[in-house]
2 protein chains.
Amino acid sequence: MRITLIGSGNVATHLGAALKNAGHYIAQVYSPNLQHAALLAYHIKAEAIDNLQQIDPAVDVFIISVKDDAIESIVQQLAPHNKLVLHTSGSTDIQLLLKYTAQAGVFYPLQTFSRNKEINFREVPLCIEGATAAIIKQIKELAQTISNNIYDVDSSQRRILHLAAVFACNFPNYLYNIAQNLLTQHQLDFEMLKPLITETADKVQHQLPSAVQTGPAVRNDELTMNKHLEMLHNEPLLQQIYQLLSQGIIKMDKGSNADK
Amino acid sequence: MRITLIGSGNVATHLGAALKNAGHYIAQVYSPNLQHAALLAYHIKAEAIDNLQQIDPAVDVFIISVKDDAIESIVQQLAPHNKLVLHTSGSTDIQLLLKYTAQAGVFYPLQTFSRNKEINFREVPLCIEGATAAIIKQIKELAQTISNNIYDVDSSQRRILHLAAVFACNFPNYLYNIAQNLLTQHQLDFEMLKPLITETADKVQHQLPSAVQTGPAVRNDELTMNKHLEMLHNEPLLQQIYQLLSQGIIKMDKGSNADK
């Protein structure tokens with residue numbers, strides 16, 4: 001397919017590379033910052049533009065990968081070209097596109113992308129939605145060229161997935177950051193914690209999180225929790241986080257085979 | 001070495017298996033619950049006992065793997081045998097053992113263990129401490145038979161590691177549980193989130209967590225955060241967790257190359 005990417009952030013970058021590798025032709029990359037557009041465009045042999053007036057309409061699909069609050073003004077400007085328009089946002093309803101064009105769909109990769117980290121796109125779950133059965137079919141064909149994990153997900157389900165992803169990805173990463181800071185402050189090597197982080201993520205690939213919960217809170221070990229809170233006496237935010245998450249663990253439904 | 005295990009929980013079980021596989025002789029397994037002792041003892045060809053009076057003193061080392069608040073009474077009862085006594089606790093000072101015996105040490109595996117999940121013990125970081133240089137040497141030799149990652153860690157550093165492990169393991173697992181519940185409540189398959197969980201843990205193996213933080217909070221995307229809080233209106237605890245962790249992310253030191 002002939003594709004133009006609107007946006008040059010992490011999602012656009014990884015998606016663009018995957019599409020290019022799958023043999024698609026990437027016509028243009030748009031960003032309001034021409035340098036950003038050029039950086040991505042260079043890698044995927046596309047033209048960089050920083051003005052939507054310069055859009056080449058001779059493509060099959062526009063993929064919009066920008067901040068949520070920038071999507072509407074972009075679809076408004078693309079709609080007159082009468083081409084398929086997809087966005088990649090977890091929390092934006094397809095209705096926003098449908099206000100401006102009937103050729104609307106969603107192409108949401110449920111993954112975290114970072115600039116300097118390669119990813120195997122074939123394993124990325126792609127959540128797709130389309131305005132019509134014909135559009136869904138078209139999007140699915142495109143999706144299958146880059147991923148093995150395609151899911152039909154409507155806008156209300158996608159909002160839930162996006163919220164769940166914040167809990168499963170963004171928040172754990174922040175907790176890794178807290179742990180790393182604690183170690184660094186005490187001249188300990190973050191390396192020591194890495195096998196634990198890997199194993200924690202690995203365990204829930206095969207068992208429910210509730211069945212493999214460990215630590216002082218699930219044992220209701222108040223002695224240890226109080227010691228920990230005392231160690232954090234100079235860090236009121238971390239104390240609050242410790243207390244709140246421990247409360248949650250104490251209250252959680254542990255199922256029958258909880259490890260402690 | 002001839003080893004007796006005091007305790008039959010997850011740590012004792014995985015440690016016992018690793019020691020047995022490395023060719024050590026496990027003499028006895030003690031648990032106040034004889035069935036629990038017998039289950040582990042069966043797997044590692046040891047004798048199960050439920051009374052410390054039945055301890056066979058003809059061993060080289062006692063390894064105490066029980067709840068923190070049970071350690072003291074056990075070391076008190078083992079001290080008269082005059083053998084090396086190690087505990088495996090992250091948050092218990094070596095001083096507690098030294099109150100009763102000079103032959104004291106610590107053998108703390110920095111990992112999360114679950115009953116039904118195999119683990120490659122050679123990759124488990126083992127944090128060791130001993131009362132004397134000779135004891136440290138002896139513990140290190142034992143440690144090297146089962147792990148490639150041996151660290152000399154004193155009691156105050158070990159407390160920090162244990163606290164950091166709660167943030168890097170126990171709390172993320174609880175957040176996975178929240179995410180899984182959100183999906184299940186909306187008839188979505190937890191399978192969809194698994195690649196995200198794996199990738200999130202994988203990213204920090206090579207980069208600092210602060211450099212790979214993603215999500216609405218690090219972008220200070222209030223529109224999305226408010227939508228998420230609204231979706232959680234029936235879950236006050238989850239709302240509080242969402243707000244507190246988002247606040248933390250907004251305040252975190254992102255370094256120079258933050259992904260958003």
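Colleague: What pLDDT does chain A average in this predicted model?
Modeller: Chain A averages a pLDDT of 95. In this predicted model, 97% of the residues of chain A score at least 70. The model also scores ipTM 0.93 and pTM 0.92.

Colleague: Why is H7(A) called roughly parallel to H6(B)?
Modeller: Take helix H7 (residues 194–203) of chain A and helix H6 (residues 155–185) of chain B. Their axes cross at roughly 15° and come within 9 Å. Angles under 35 degrees count as roughly parallel. Therefore H7(A) is roughly parallel to H6(B). The crossing is right-handed.

Colleague: Which residues meet in this pair of helices?
Modeller: From H7(A) come A:Leu196, A:Ile197, A:Thr200 and A:Ala201. They meet residues of H6(B), including B:Ala165, B:Cys169 and B:Tyr176. The residues of this contact divide into seven nonpolar, two polar and no charged.

Colleague: What makes S3 and S8 of chain B edge strands?
Modeller: Look at the strand order of the open sheet: S3-S2-S1-S4-S5-S6-S7-S8. Strand S3 (47–49) and strand S8 (149–152) each have a single partner strand, so one side of each is left without a neighbour in the sheet. The sheet has mixed pairing. Its neighbouring strands are turned by 25° against each other on average, direction ignored.

Colleague: How do you know that S7(B) and S8(B) pair?
Modeller: Pairing takes at least two bridges. Strand S7 (residues 125–130) and S8 of chain B have four bridges, in the parallel sense. B:Cys127 stands opposite B:Tyr151 in S8(B).

Colleague: Which helix packs on this sheet?
Modeller: Helix H5 (residues 133–144) of chain B does, touching S7 and S8 among others. The direction of H5 makes about 160° with that of S7(B).

Key:
Residues numbered from 1 in each chain as written. Chains lettered and ligands numbered in written order. Predicted model: local features only at pLDDT ≥ 70, side-chain atom pairs only at ≥ 80, totals over all residues. Heavy atoms only, no water. pLDDT = per-residue confidence, 0-100. Axes fitted to C-alpha atoms, helices over the stretch in contact; angles between N-to-C directions. Helix = DSSP H or I, 4+ residues; strand = E, 2+ residues; numbered from the N terminus. Parallel < 35°, antiparallel > 145°, perpendicular 65-115°, else oblique. Left-handed = near helix turned anticlockwise from the far one by under 90°. Contact = heavy atoms within 4.5 Å. Nonpolar A, V, L, I, M, F, W, Y, C, P; charged D, E, K, R; others polar.
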